[in-house]
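Reader: I'd like to go through this one with you, a question at a time. Can we start with the helix packing?

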Amino acid sequence: MGKLDKTKKAIGVDKIDEKDRKEMFEKFQSAGGKIIRDEEEPQPPTSKSKPSIKTRPSTKYQPKEGSTESSSKGSKFFSSGGDNSSSQSKPNELVDKELGNFLNRMIIKFKCWANKITPFGSSSLLPSFMSELNLEFRAAIMEFRLSANDILGNPEYSPKIAKALDKFSPLFVELIGRAGKVYDQAEITELMDDYNNMPENPVPIRKVQAQLYSIFKKLYYLYPFQSTYKKAIIAAYDTLQKLENKPAMIYATKKKNALAAVSTVFDRFFEKLYLAVIRNENKNIPMISLYMESILEIREDEKPGKRKAGEELPENAGGPAPKEANQEEEKKEEQKAESLDPDLERGLAMMKEISIEALRKKHDPRNELAEMPDADKCFLAYIYYKEFDYEYSIVLTTKKINIQPTTINGNKIDHKAKLLGVFELSRGCADQFKIYLDIFKEYSKMKSSPGSNYIEYSKKLSQVETRRGQQSRTVRATIRDYMEKANASLQSLIEDMNGPKQIVANINDVLSFDSVESRKKLNKKTVKDGIYDAYCFSYALAYRLSEPKGDLYGGILELTPEQMQSIYGRAIVGESPLVHKTTNLEDENPLAQ
């Protein structure tokens with residue numbers, strides 16, 4: 001087989017249709033490629049020629065038997081220590097040159113482009129890939145951490161679980177601890193920082209190289225032990241069930257989530273992270289090779305399998321955070337909660353009183369929003385707007401509250417008309433969300449039916465994703481504007497009721513509604529309390545939609561897994577097929593009180 005035939009087979013040219021092949025060819029040429037002819041017979045090297053190394057673009061590097069590369073099982077071949085002779089360093093240079101030649105660079109670029117990791121001509125991570133890391137990958141590695149906390153974080157049960165697991169293999173405990181260490185909140189935050197600030201722009205790999213390599217390195221240690229880790233999780237939860245004696249369904253769900261996380265990380269993302277690494281190195285480095293280990297600085301003494309039965313976890317094996325650290329985080333959360341305005345704190349508490357499931361049932365009786373994930377910021381903003389509209393906006397329109405005009409500097413102010421004017425802004429919120437709903441349905445349909453033309457599909461999906469992001473921000477800005485104006489109007493009423501009492505003439509009257517309105521939360525409350533409740537709720541929703549601390553603010557379309565856990569305290573983000581179900585721990589959020 002000729003050299004070009006091998007290249008075609010490695011790239012998969014035969015599986016690409018004519019249109020895609022033409023586009024790929026144009027990209028090769030624009031990157032500096034030249035048209036060459038395959039050789040009929042490879043020319044034998046002369047005695048003066050330098051030895052060449054034939055490296056196939058595969059995932060495993062296997063040097064020819066008897067060649068210089070195979071000496072000492074390759075350990076010195078990739079070493080950069082000072083004891084290497086000049087004859088041992090030459091193969092390194094040859095391998096570098098071979099792995100980074102024009103053909104291999106083209107293969108890397110093509111693979112990263114085909115997997116939607118980077119553009120063909122740039123080593124920047126695409127926004128769509130960063131979004132996947134931020135949502136699905138982040139949620140999956142957090143599942144590792146949750147499992148480690150369940151199994152090794154409880155001082156009452158963890159020694160007994162470790163003892164039971166050691167009967168199977170000391171490796172079980174070590175792998176659970178290592179997996180729990182993959183998620184590092186500070187590291188993930190740094191990785192996603194540029195993307196969070198400008199979610200529509202690609203992120204240069206060089207800017208996130210340290211974080212990317214660190215995460216990939218931790219997974220690289222675990223990669224050969226996936227099946228063992230699964231067995232460890234199953235055995236650990238079985239033991240925990242016997243100790244805690246709770247319903248079996250709880251542990252079945254935990255096992256299911258943990259095993260699904262393993263599949264997500266290693267079946268979907270591990271190879272993508274590997275491709276991002278070799279794209280940054282600009283060399284077609286085999287995934288499992290000493291060369292890759294040298295780049296990641298993999299150490300033999302840090303590889304899994306060193307722990308003995310009954311031993312504590314090695315420091316590099318990770319495990320759950322110490323109890324003192326958790327207590328420190330809880331203390332910080334309490335201090336942060338204490339610093340909130342009491343009215344804002346009350347509004348946030350009011351929003352927590354009703355679950356997302358209850359809000360769906362109440363404000364989406366026809367299930368039109370069923371496909372939207374719970375974490376969708378636009379969906380959450382809208383569903384809370386609907387709650388305000390149904391339960392509290394009545395204070396802006398009802399005649400049961402006696403609103404009097406006042407005169408300031410000879411100018412008559414009609415406060416009732418101002419409240420009605422604010423209420424009219426609510427129409428725009430609903431209209432803008434209808435547009436977003438149509439775009440989301442289009443996006444959902446396209447995502448589930450990619451079709452045969454991958455390039456055309458990618459372009460269209462990217463366009464719809466951009467439209468979805470733009471409309472999401474428009475909806476949230478419209479709702480925020482409405483909430484801020486409603487809050488300001490209600491604040492003026494509260495200041496009057498606490499002071500001159502010139503605007504609201506019946507502050508102590510009881511609001512009594514008939515028919516359907518009798519089910520509203522403000523029914524049977526005094527006018528003063530009803531206005532105050534509406535003020536607190538609008539305050540909280542406006543706060544969540546505003547910078548810098550609002551969790552529903554910003555260019556990211558969905559809440560992070562940590563935010564979902566800290567706000568709603570549960571694993572499921574939504575039933576949408578587009579979003580991975582997540583579980584997570586604490587996050588700096590005003591609702592985590």
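**Helix packing and a loop residue**

Author: Let's begin with a pair of helices: H18 and H20 run roughly antiparallel to each other, therefore. Bear in mind that this is a predicted model.

Reader: What angle do helix H18 and helix H20 pack at?

Author: The helices in question are H18, residues 415–424, and H20, residues 454–498, with axes 9 Å apart. Angles over 145 degrees count as roughly antiparallel, and that is how H18 and H20 lie. H18 passes H20 in a left-handed crossing. The packing angle is about 160 degrees.

Reader: Which residues in H20 do Leu419, Val422 and Phe423 of H18 meet?

Author: By class, the contact of H18 with H20 has six nonpolar, one polar and one charged residues. On the H20 side, the partners are Tyr482, Lys485, Ala486, Ser489 and Leu493.

Reader: Is Asn282 buried, partly exposed or exposed?

Author: Asn282 is in the loop between helix H11 (248–281) and helix H12 (290–296). Buried means under 20% relative accessible area and exposed means over 50%. Asn282 has 31% relative accessibility, so the residue counts as partly exposed.

Reader: And which residues is Asn282 in contact with, leaving aside neighbours within four places in sequence?

Author: Lys109 gives a sense of the region: Asn282 and Lys109 are 173 residues apart in sequence, yet 8.7 Å apart in space, C-alpha to C-alpha. With those sequence neighbours left aside, the contacts of Asn282 are Gly100, Arg105 and Ile108.

Reader: Zooming out, what share of the 593 residues counts as buried?

Author: The protein has 22 helices and four strands, and exposes about 30,700 Å². Of its residues, the buried share is 46%.

Notes: Residues are numbered from 1 along each chain as its sequence is written. This is a predicted model: local features need pLDDT of at least 70, side-chain atom pairs count only at pLDDT 80 or more; totals for chains, interfaces and linings use all residues. Side-chain values use heavy atoms; hydrogens and water are left out. Helices (H or I, at least four residues) and strands (E, at least two) are DSSP runs, numbered from the N terminus. Buried means under 20% relative accessible area, exposed over 50%, partly exposed in between (1.4 Å probe, protein chains only). Accessible areas come from the Shrake-Rupley method with a 1.4 Å probe; for residues, only the protein chains shown count as cover. Contact means heavy atoms within 4.5 Å. Axes are lines fitted to C-alpha atoms, for helices over the stretch in contact, and angles run from 0 to 180 degrees between N-to-C directions. Angles under 35 degrees count as roughly parallel, over 145 as roughly antiparallel, 65 to 115 as roughly perpendicular and the rest as oblique. A crossing is left-handed if the near helix is turned anticlockwise from the far one by less than a right angle, and right-handed if clockwise. Ala, Val, Leu, Ile, Met, Phe, Trp, Tyr, Cys and Pro count as nonpolar, Asp, Glu, Lys and Arg as charged, and the others, Gly among them, as polar.
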